[in-house]
Amino acid sequence: MNTLRARLAVFALPLLLAACGHDTPPPRASTGDYAAQVWALPAEPGSLAPTLRPTPDGRLLLGWINRREGRRTALQFAIYNTRDGWQSQPRTIAVGNALAAGPADPPHLLATADGALWAQWVQAQPDQAGGTDVVLARSRDGGMRWEQITRVNSDGMPTEHGFAALWPDGSDALGIAWLDGRAKTRGHGEAEDSGDMQLRVNRFDLNLQRGTDTVLDTRTCDCCTLAVAMTARGPLLAWRDRSPDDVRDIVVARWQNGAWSAPRPVHADHWVQPGCPVNGPALAARGDTVALAWYTEADGGPRLRLALSRDAGTQFAAPVDVDQGPGVLGRAAVALDAQQVWVAWLREDASGQHLTLARYAPDLSHRLQTLDVATLATRGLASGYPSLAVDADGAWLVWTDQDANGAPRLKGVQLTR
């Protein structure tokens with residue numbers, strides 16, 4: 001099975017792994033450790049696939065998919081003021097059974113400096129088996145109405161498009177990257193696709209008028225998430241490349257002076273993997289400093305790596321291993337502030353899935369703190385990816401778990417000193 005949905009179904013099977021400990025050195029003692037407290041979220045039961053993103057004015061945008069039995073699937077969001085709490089009840093951006101609700105391909109939200117909100121999600125094509133489109137919407141009134149909606153991929157082909165990443169382009173426009181399957185074909189009577197998944201990028205202005213598609217990579221991993229961060233020199237994209245001999249290492253490219261740089265490997269893991277691992281990179285930037293976390297199974301087994309760049313992603317230093325061993329799932333989130341690098345990730349053993357968060361010194365020379373945030377009731381890919389945001393006062397972390405009835409549910413913590 002080579003289609004994206006078939007692969008996700010395989011990776012969503014429960015993983016019954018033997019219990020194993022963290023194979024990383026113990027953290028050094030540090031003063032001023034952070035403590036986690038429950039962050040009450042406004043999402044109803046049945047919610048999954050969270051996305052958390054700061055706004056230009058210092059608030060937080062939380063988006064998610066709500067999927068409840070007997071109801072149509074909905075894309076919803078809420079805005080959090082870090083000083084005063086949730087500003088409103090959840091609002092609905094889009095609703096319908098065609099709205100894709102997979103944990104590995106979450107929706108994305110973005111606020112631009114002109115006050116507009118942007119939302120992106122994946123939607124099943126009508127009357128097409130397995131085809132999906134990347135949909136983009138814009139609200140001019142803080143999310144009350146979403147009257148501007150368009151399809152990002154313009155090929156109209158019955159194939160898979162998704163795994164997008166968004167970034168601001170000036171004060172009132174947006175850049176977007178996505179995985180595009182228009183080069184993948186299926187012959188008559190064939191059960192599997194042939195051809196390659198592409199990475200494409202484009203720009204949309206305040207009226208949702210598109211620019212010209214640029215193909216940034218002609219052969220990528222089919223179903224690994226993309227990551228983007230705004231550096232002082234422009235947006236930096238990270239994704240899992242796929243070489244002709246199935247080496248699936250992480251590469252980056254930056255938009256600068258009106259053009260995209262050539263994709264450059266972050267580190268030569270040389271991980272040869274015949275199938276998509278459904279495990280993309282995580283990326284954060286502060287000025288010219290960039291932190292990138294990724295999963296690999298090169299060099300003897302699963303591990304989560306973290307590397308730093310001081311020149312906006314042109315070069316990365318040698319990585320540190322955040323976690324390694326057969327229980328490591330990866331699926332990381334990363335963030336930066338003036339004092340530290342934050343990274344959250346998942347691992348799974350016989351006792352369940354575990355969400356861990358660590359803080360590193362700004363140069364990654366040593367770990368400052370490790371927090372065991374939660375033991376999850378869910379297994380496998382159903383937990384999706386955690387989402388992390390930071391400011392001067394602390395950090396916020398959200399993830400997907402499940403309730404006693406097996407229904408998905410969002411959970412969150414706030415981390416303060």
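**Reading a predicted model, residue by residue**

Student: In this predicted model, where is Asn257 found, and is Asn257 buried or exposed?

Tutor: Asn257 is found in the loop between β17 and β18, the latter spanning residues 259–260. Asn257 also has a positive phi of about 55°, although it is not a glycine. Because its relative accessibility is 76% and the cut-off for that class is over 50%, Asn257 counts as exposed.

Student: Leu364 also has a positive phi in a residue other than glycine; is Leu364 buried or exposed?

Tutor: The phi of Leu364 is near 65°, and its place is in the loop between β26 (352–360) and β27 (367–376). Its relative accessibility is 9%, and since anything under 20% falls in the class in question, Leu364 counts as buried.

Student: Which residue has a side chain that makes a polar contact with the side chain of Trp342?

Tutor: Trp342 is found in strand β25, residues 341–349, and at 0% relative accessibility it counts as buried. Leaving aside neighbours within four places in sequence, Trp342 is in contact with residues including Tyr34, Leu357, Arg359, Leu388 and Leu415. Asp337 is also among those contacts, and the polar contact, at 3.0 Å between the two side chains, is with Asp337.

Student: Which residues have the most contacts inside the largest nonpolar core?

Tutor: In soluble globular proteins, nonpolar side chains tend to be buried together. Here the largest nonpolar core has 23 residues, and the elements that give two or more residues to this core are β11 (161–169), β12 (173–180), β13 (197–204), β16 (234–240) and β17 (250–256). A second, separate core of 21 residues includes Ala282, Tyr295, Leu304 and Val334. In the largest core, the residues with the most contacts inside it are Leu216, Leu237 and Trp239.

Student: Which residues that line the largest pocket are the closest to its centre?

Tutor: About 1,200 Å³ of space lies in the largest pocket, and among the elements that give two or more residues to its lining are β2 (47–54), β15 (227–231), β20 (282–286) and β28 (387–391). By class, the lining has 35 nonpolar, ten polar and five charged residues. Of the 50 residues that line this pocket, the closest to its centre are Leu52, Arg53, Pro54, Val228 and Leu283.

Student: Which residue has the backbone nitrogen that the side chain of Ser387 reaches?

Tutor: Ser387 has its place in strand β28, and at 11% relative accessibility it counts as buried. Leaving aside neighbours within four places in sequence, its contacts include Pro50, Thr51, Ala333 and Trp396. The backbone nitrogen that the side chain of Ser387 reaches, at 3.0 Å, is that of Leu52.

Student: At what distance does the side chain of Asn81 reach the backbone nitrogen of Arg83?

Tutor: Asn81 is found in strand β4, residues 74–81, and at 18% relative accessibility, which is under the 20% cut-off, it counts as buried. Leaving aside neighbours within four places in sequence, Asn81 is in contact with Arg59 and Gln87. Its side chain reaches the backbone nitrogen of Arg83 at 2.9 Å.

Key. Residues are numbered from 1 along each chain as its sequence is written. This is a predicted model: local features need pLDDT of at least 70, side-chain atom pairs count only at pLDDT 80 or more; totals for chains, interfaces and linings use all residues. Side-chain values use heavy atoms; hydrogens and water are left out. Helices (H or I, at least four residues) and strands (E, at least two) are DSSP runs, numbered from the N terminus. Buried means under 20% relative accessible area, exposed over 50%, partly exposed in between (1.4 Å probe, protein chains only). Contact means heavy atoms within 4.5 Å. A polar contact is a pair of N or O atoms within 3.5 Å; within protein, one must be able to donate a hydrogen and the other to accept it, and residues adjacent in sequence count only if both atoms are side-chain atoms. A nonpolar core is a set of buried Ala, Val, Leu, Ile, Met, Phe, Trp, Tyr and Cys residues joined through side-chain atoms within 4.5 Å. On a 1 Å grid over the protein atoms alone, a cavity is a set of points where a 1.4 Å probe fits but cannot get out, and a pocket is an open set with protein on both sides within 12 Å along at least five of seven lines; lining residues have an atom within 4 Å of a point. Grid points are joined across faces, edges and corners, and a volume is the space filled by probe spheres set on the points. Ala, Val, Leu, Ile, Met, Phe, Trp, Tyr, Cys and Pro count as nonpolar, Asp, Glu, Lys and Arg as charged, and the others, Gly among them, as polar.
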